[in-house]
Amino acid sequence: MATTEKVGIPAGPSPHRNRDDSRMWTNRLRTQFFGTFPPEKLLPDRQPAYVASWIYVFGVATIAAFIVLVVSGLVLTFAGPAWYHTSSVGHFINSVHFWAVQLFMLSMVVHLWGKFWMAAWRGNRALTWITGAIAFFASVATAFTGYLVQSNFESQWIAFEAKDGLNAVGIGAWFNVANVGQMLLIHVALLPLVLGAIVIWHVLLVRKHGVVPPIPLNVSSPDEAPKDTGGPSRPDTRAQTRGSAS
Amino acid sequence: MPFVFASGSLNGPATYLNWGWVGISVTNLIIVLLTMVVFVLAVFLPVPRHEDDE
C-alpha cells in the first residue's frame with residue numbers, strides 16, 4: 001500500500017479525531033499521487049544496472065537543453081528584439097537560444113532512435129512512447145514558429161512553404177503563418193506550456209513504469225519469444241530465459 | 001576550418017544533392033551522418049565503472 005507514512009504524509013482517513021476526510025478530493029488526489037509516486041520513486045538514487053550506457057543520457061540531455069531554451073527564451077522575451085539585436089550580450093543570449101535548439105533536436109533524435117531500437121514501449125509503456133511522439137511533433141512546431149519569428153527572408157520562405165502544407169491538411173484557416181503576431185505568441189506562450197506539460201507527463205510515466213529492461217537475448221524460436229517482456233511495472237510470469245542484463 | 005576554405009565562403013548558397021524528388025544540402029547530410037555516429041558511439045562506448053558499483 002502507500003508508503004507515504006514514512007515521510008509523514010497522511011493517507012486515507014484524516015489525522016483529526018472524530019472526522020473522516022477520506023472522501024474529500026484533496027485527500028483522494030494526494031493519496032493517489034503519493035501512492036503512485038512516493039518521493040523515492042520521483043527522485044530515485046539508483047537505477048537498474050542495464051541503465052549504465054550512454055544511450056540513456058540523451059533523454060535528460062534533451063530536458064537540459066529544454067531548460068536552457070526556456071531560460072534564454074524568457075530573457076529574450078523580457079528584453080525584446082531591440083536589445084537582443086543590438087547589444088553584444090543580447091546577441092550572445094540569442095545565439096545561446098539558437099544553439100540550444102540544435103542540441104535539443106540532436107539529443108531528442110538520438111533519444112528517439114535509442115527508444116525505438118530498444119522497443120521501449122514494452123511493459124505497459126505505450127503511453128510513454130505516445131507522449132514522447134507528441135512531444136517530438138510539438139518540438140518541431142515550436143522550432144518552426146521560432147524560425148518564423150526571425151522574420152527574415154528565409155523565414156518568409158519557410159512560412160509560405162508551410163502555408164501550402166497547412167492548407168493542404170485543412171488547418172490553414174486557424175494557423176496563419178503570415179500572421180507574425182499569432183506565430184510569435186504560439187512560439188513564446190502556447191507551445192512552451194504545452195511542451196512543458198507533455199514532457200512532465202512523459203517523465204512521470206518513466207518514473208512510474210521504470211526504465212524498460214533490454215530485449216532478452218536467449219530466445220531460440222518465435223514461439224518462445226515473449227510478446228512483451230514486461231518490466232518492473234508488470235511482472236512477466238511466463239517461463240523464459242533472460243539474457244545477462246547486468 | 002580547412003573544410004570552410006575547401007567549400008568556399010559560409011555566406012554563399014549551399015550545395016545541394018539531388019536524387020529525383022529527394023534533395024538535401026551537403027551540410028544537412030553531414031549533420032544527419034554525424035547524428036548517426038553519435039548514436040552508434042552512445043550505444044557502444046563503455047561507461048566508466050566505479051569499484052563500489054554492483
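A crossing of two helices is left-handed if the near helix is turned anticlockwise from the far one by less than a right angle, and right-handed if clockwise. In this predicted model, local features need pLDDT of at least 70, side-chain atom pairs count only at pLDDT 80 or more, and totals for chains, interfaces and linings use all residues. Residues are numbered from 1 along each chain as its sequence is written, and side-chain values use heavy atoms, without hydrogens or water.

The crossing of helix 5 and helix 6 of chain A is left-handed. Helix 5 of chain A spans residues 88-117 and helix 6 of chain A residues 126-149. Their axes lie 11 Å apart, at an angle of about 155°. Helix 5 of chain A is therefore roughly antiparallel to helix 6 of chain A (an angle over 145 degrees, on a scale from 0 to 180 between N-to-C directions).

Contact means heavy atoms within 4.5 Å. Helix 5 of chain A contributes residues including Phe98(A), Met105(A), Leu112(A) and Phe116(A). Among their counterparts in helix 6 of chain A are Trp129(A), Phe136(A), Val140(A) and Tyr147(A). The contact residues divide into twelve nonpolar, two polar and one charged.

Most residues other than glycine have a negative phi. Asn124(A) has a positive phi, near 65°. Asn124(A) sits in the loop between helix 5 and helix 6 of chain A. Its relative accessible area is 42%, hence partly exposed (between 20% and 50%, 1.4 Å probe, protein chains only). Ser151(A) also has a positive phi, near 45°. Ser151(A) belongs to the loop between helix 6 and helix 7 (153-168) of chain A. Ser151(A) is partly exposed, with a relative accessible area of 42%.

Definitions and conventions
Chains lettered and ligands numbered in written order. Helix = DSSP H or I, 4+ residues; strand = E, 2+ residues; numbered from the N terminus. Parallel < 35°, antiparallel > 145°, perpendicular 65-115°, else oblique. Nonpolar A, V, L, I, M, F, W, Y, C, P; charged D, E, K, R; others polar.
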